[in-house]
Amino acid sequence: MSGKYDAIVVGSGSNGIAAAIRLQKKGLKTAIFEQAATPGGATRTMELTMPGFKHDVGSAILPLGLASPFFRDLPLDNFGLEWIFPEIAYAHPFDDGTAFGCYKDIEKTAAQLGEDEAAYLKLFRPLLNNWDKLNSDLLGPLGIPEHPIPFLKFGLKAMPSAQMLANHYFKNDKTKAFFYGSAAHSTLPLTNIASASFGLVLTTSAHKYNWPFPKGGAGNFTKALLDYYKSLGGEIFLSQYIRDIRDLPNAYAYLFDLTPKQLLKIKGLNFNLLYRKRMEAYKYGAGVFKMDWALKEPIPFTNEKCRKAATIHLGFTKEEIENSEKEIHQKNMTSTPYVLVAQHSPFDPTRAPEGHHTAWAYIHVPNGSTEDYTKIVEDQIERAAPGFKETILARSTLNTSDLQQFNPNLIGGDINGGKQDITQLFTRPIAKLSPYATPDPRVYICSSSTPPGGGVHGMCGYHAAEKALKDHFRDLS
Ligand SMILES: Cc1cc2nc3c(=O)[nH]c(=O)nc-3n(C[C@H](O)[C@H](O)[C@H](O)COP(=O)(O)OP(=O)(O)OC[C@H]3O[C@@H](n4cnc5c(N)ncnc54)[C@H](O)[C@@H]3O)c2cc1C
């Protein structure tokens, strides 16, 4: 550990590993220091309920892992990564037993929507056709876009709230609820400016790539990344909680996969008062209450489309999703929250002992809430899948405090490294020319608290590494 490194990364989340790979690939000598005994941050798989049942503690469905311009070019399949593609990317059931499914096939998806069929195609087809141009501009910091026209056209659709966009395009309340299901991944009230952008990006990624997940668990994505990194000569040191930069070996650049609150606690950093003040004003978003189940059989969804999808958005009506996402920001909960459910085992038998199944879910809750929301989560699932509760063998619950204990980046249960509202979407953690650089010329931020924010895409790490290369290793950048 006392060796000399060119660059050191603190934290082994997907962004930390992405940064380390980028630098190591350029020929630098790098190392990762991780506080936990297992690497991966919010991308880890564990037996949370019973032996043999593999649960994704954090991220579970990784469309951006596949879409990421950086990860896409890495030979991760040579390092054991196998993607599983469910027949339907995500499904949205309704109380009358019907459901909409988001297929990779955009026409098949639109055809379910009746009078909104043409509007759906009008909204999403241009985004899908231009995805390859939009992808790198969307998954990067604010700057001059590489493809200004498609980016501007995207911006016109993405800037309104999800509510405004849905009301503008769609007539049917079910179609609006279907769109809300993916827009609500923003963890913002759906009346917030730019909340539409999340629904647009995530739905377009479903039509481009489907919503896949790694065979055996999201932890296998981390494993493939790390095995590749080690094959390049990279080193990782686990169980190393970094509190002072002076405890780390010498290096030209230090990249922190941490959120502002944590970074400000690291001793020995040369941050001026103004930067500290601005970082202290960084906002964290709502938290989540996370559940995992070991099941006797798959979730008995009434509608077949829900049985064919790995992701199910439970927010039965447009009003229910609107209300639940509004209330959590006023520190309240509704009894019918929007629930994000993932089921892997019907498509990936390696997740549970033979004949058994797993399920994963979370709801958005007020930041820092330590309430137990088990009943309302299970009641919502039961609504779409009567008999669900009888299939339960064991359950795990993690409130916001448990989540932060599992991974200190999950401040108050915020899974996106900070609120993703318009003031922090592209200009996180603070508005400056390069959000990855800090006033300390050795220190960079590479976590999801930088653009493009939450999700397993590694692009925060990639862009931070690019900045460090430019500043310290210009010949290599
Ligand atoms: C419940 C949940 C569900 C999610 N679902 C999805 C999903 O389905 N799809 C998706 O794309 N995204 C999902 N996400 C979001 C996604 O996981 C995160 O956006 C992503 O993991 C962020 O990666 P990161 O590298 O920025 O940070 P993290 O993954 O949080 O990694 C940070 C690392 O830094 C380490 N660390 C912190 N402090 C120190 C210190 N002082 N010293 C050393 N190490 C330190 C931590 O232990 C951790 O390993 C989910 C997250 C959660 C929690």
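1. In this note, Ala, Val, Leu, Ile, Met, Phe, Trp, Tyr, Cys and Pro count as nonpolar, Asp, Glu, Lys and Arg as charged, and the others, Gly among them, as polar. The structure under discussion is a predicted model.

2. Domain organisation. The domain assignment divides the chain into domain 1 (7-45 + 57-81 + 214-283 + 415-472), domain 2 (46-56 + 82-104 + 286-414) and domain 3 (105-204).

3. Domain 1 against domain 3. The centres of these two domains, taken over C-alpha atoms, are 28 Å apart. Contact between them involves 17 residues of domain 1 and 18 residues of domain 3. About 1400 Å² is buried between domain 1 and domain 3, with 73% of that area on carbon and sulfur atoms. On the domain 1 side, the greatest losses of area to domain 3 fall on Q420, I422 and F426, which together account for 34% of what that side buries.

4. No salt bridges are counted between domain 1 and domain 3, while three residue pairs are in polar contact across the interface. The side of domain 1 that touches domain 3 comprises nine nonpolar, five polar and three charged residues.

5. The largest cavity. Two cavities of 30 Å³ or more are found in the whole structure, and the largest of them holds about 40 Å³ of space. Its lining consists of S186, T187, L188, G285, A286, D414, N416, G418, K419 and Q420. By class, the lining has two nonpolar, six polar and two charged residues. Domain 1 and domain 3 each supply at least three residues to this lining.

6. The residues lining the second largest cavity are K54, H55, D56, D292, H344, T358, A359 and W360.

Technical notes: Residues are numbered from 1 along each chain as its sequence is written. This is a predicted model: local features need pLDDT of at least 70, side-chain atom pairs count only at pLDDT 80 or more; totals for chains, interfaces and linings use all residues. Side-chain values use heavy atoms; hydrogens and water are left out. Domain bounds come from an automatic or database domain assignment. Contact means heavy atoms within 4.5 Å. Buried area is the accessible area (1.4 Å probe) that two parts lose on being put together, summed over both. A salt bridge is a side-chain nitrogen of Lys or Arg within 4 Å of a carboxyl oxygen of Asp or Glu. A polar contact is a pair of N or O atoms within 3.5 Å; within protein, one must be able to donate a hydrogen and the other to accept it, and residues adjacent in sequence count only if both atoms are side-chain atoms. On a 1 Å grid over the protein atoms alone, a cavity is a set of points where a 1.4 Å probe fits but cannot get out, and a pocket is an open set with protein on both sides within 12 Å along at least five of seven lines; lining residues have an atom within 4 Å of a point. Grid points are joined across faces, edges and corners, and a volume is the space filled by probe spheres set on the points.
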